[in-house]
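Here is a friendly walk through some ring contacts and helix packing. Have the viewer open as you read.

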Amino acid sequence: MELTNLKVINEVLSKNGFSFKKSLGQNFLINPSVCPKMAENALGDADYALEIGPGIGVLTAELAKRSKKTLAIELDERLKPVLSETLAEYENVEVIFGDAMELDLNKIISEHFPEDAKIAVCANLPYYITSPLIMRILESRLPITSLTVMVQKEVAQRMCAGVGNRQAGAVTVSVNYYCEPKYLFSVSKGSFTPAPNVDSAVMSLKIRKEPPVKVLDEKFFFKLIKAAFAQRRKTLLNSVSSGLSIPKERIKEAISACGLKDDTRAEMLSIEQVAELANCLLEHNI
């Protein structure tokens, strides 16, 4: 079935009484070149696939062609009859329905994949849930090799900007702690139906075996990141003091102990410097 053909898509959706739901950010791909490239990148060093948000199954089909098994998690149960039809020819595909933000993904993986499986996560994510879902997957420390995801272009650029870059934000530092992000290619808004308002991009997040820095307390490390980048126009001294409710003098001492200047801004820091500052604040009971 030609799932990027608009006529075919409309026929399948109409037959199954499906209509787009704006609140779910549903935009289905109609550009035939995108999903094969995504699947190829995703399964480069893996032989099983976990897909989040299969939609009508365009990417699912490409993953199925290249994997021993593809498990897809879909939120919208109205797509049950659609996916039953579009994926009927693939015996190595299984679809479960539920919210990936609430499901126990580690449990799902242990129940649906072999213990030694090399699993890649692949997803075309709705814009409203991009960062929260990516961070949930990373924080869950799933036994996966990588995430290959399509997101809003601006989000991909920020995540892949590199720590210490002016484009970097809290999510840039957080993502780099868990994985190595790489911007793969852009996808124009005309590649979807209905067309979104902005362009998208596909990026690869290769899971690190170990974080690039040692931190005394991960929870505090991420709290510091959030506070440091919450008010980008402010200096690190002001934003951290405000965000963590710590007196400026104590923050100033820690900043100085790390060899940083009072006018340093969060976007100027390397991930090593962020970790050093977090550890310094903890060591001095600040």
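## Aromatic pairs

Searching the whole structure turns up six aromatic pairs; rings of Phe, Tyr and Trp (its six-membered ring) pair if their centres lie within 6.5 Å, and planes under 30 degrees apart count as stacked, over 60 as edge-to-face and the rest as tilted. Tyr177 and Phe222 make an edge-to-face pair, because their ring centres are 5.4 Å apart and their planes stand at 85 degrees. Since Tyr177 lies in helix H8 (residues 170–178) and Phe222 in helix H9 (residues 218–230), the pair ties together parts that are 45 residues apart in sequence. Helices here are DSSP runs (H or I, at least four residues), numbered from the N terminus. Both Tyr177 and Phe222 are buried, meaning under 20% relative accessible area with a 1.4 Å probe, protein chains only.

Phe222 also forms an aromatic pair with Tyr178, and this one is stacked, with 5.7 Å centre to centre and 5 degrees between the planes. Tyr178 lies in helix H8 and Phe222 in helix H9, so this pair ties together parts that are 44 residues apart in sequence. Tyr178 is buried too, as is Phe222. Ring pairs link Tyr177, Tyr178, Phe221 and Phe222 into a cluster.

## Charges over rings

Which ring does the charged end of Lys69 sit over? That ring belongs to Phe113, and the charged end is 5.7 Å from its centre. Lys80 lies over the face of Phe97, at 5.3 Å from the ring centre. The test asks for NZ of Lys or CZ of Arg within 6 Å of the ring centre and within 35 degrees of the ring normal.

## Helix packing

Helix H10 (residues 236–244) packs with H11 at an angle of about 130 degrees, their axes 9 Å apart. The axes are lines fitted to C-alpha atoms over the stretch in contact, and angles run from 0 to 180 degrees between N-to-C directions. H10 and H11 are therefore oblique to each other, the class left over once angles under 35 degrees, over 145 and from 65 to 115 are taken out. In H10, Leu236, Leu237, Asn238, Val240 and Ser241 meet Lys248, Ile251, Lys252 and Ile255 in H11, with contact meaning heavy atoms within 4.5 Å.

Helix H11 (residues 248–257) also packs with helix H12 (residues 271–283), at about 130 degrees and with axes 9 Å apart. H11 and H12 are therefore oblique to each other.

## About the model

This is a predicted model, in which local features need pLDDT of at least 70 and side-chain atom pairs count only at pLDDT 80 or more, while totals for chains, interfaces and linings use all residues. Residues are numbered from 1 along each chain as its sequence is written, and side-chain values use heavy atoms, leaving out hydrogens and water.

Methods:
Helix = DSSP H or I, 4+ residues; strand = E, 2+ residues; numbered from the N terminus. Buried < 20%, exposed > 50% of the residue type's maximum accessible area, 1.4 Å probe, protein only.
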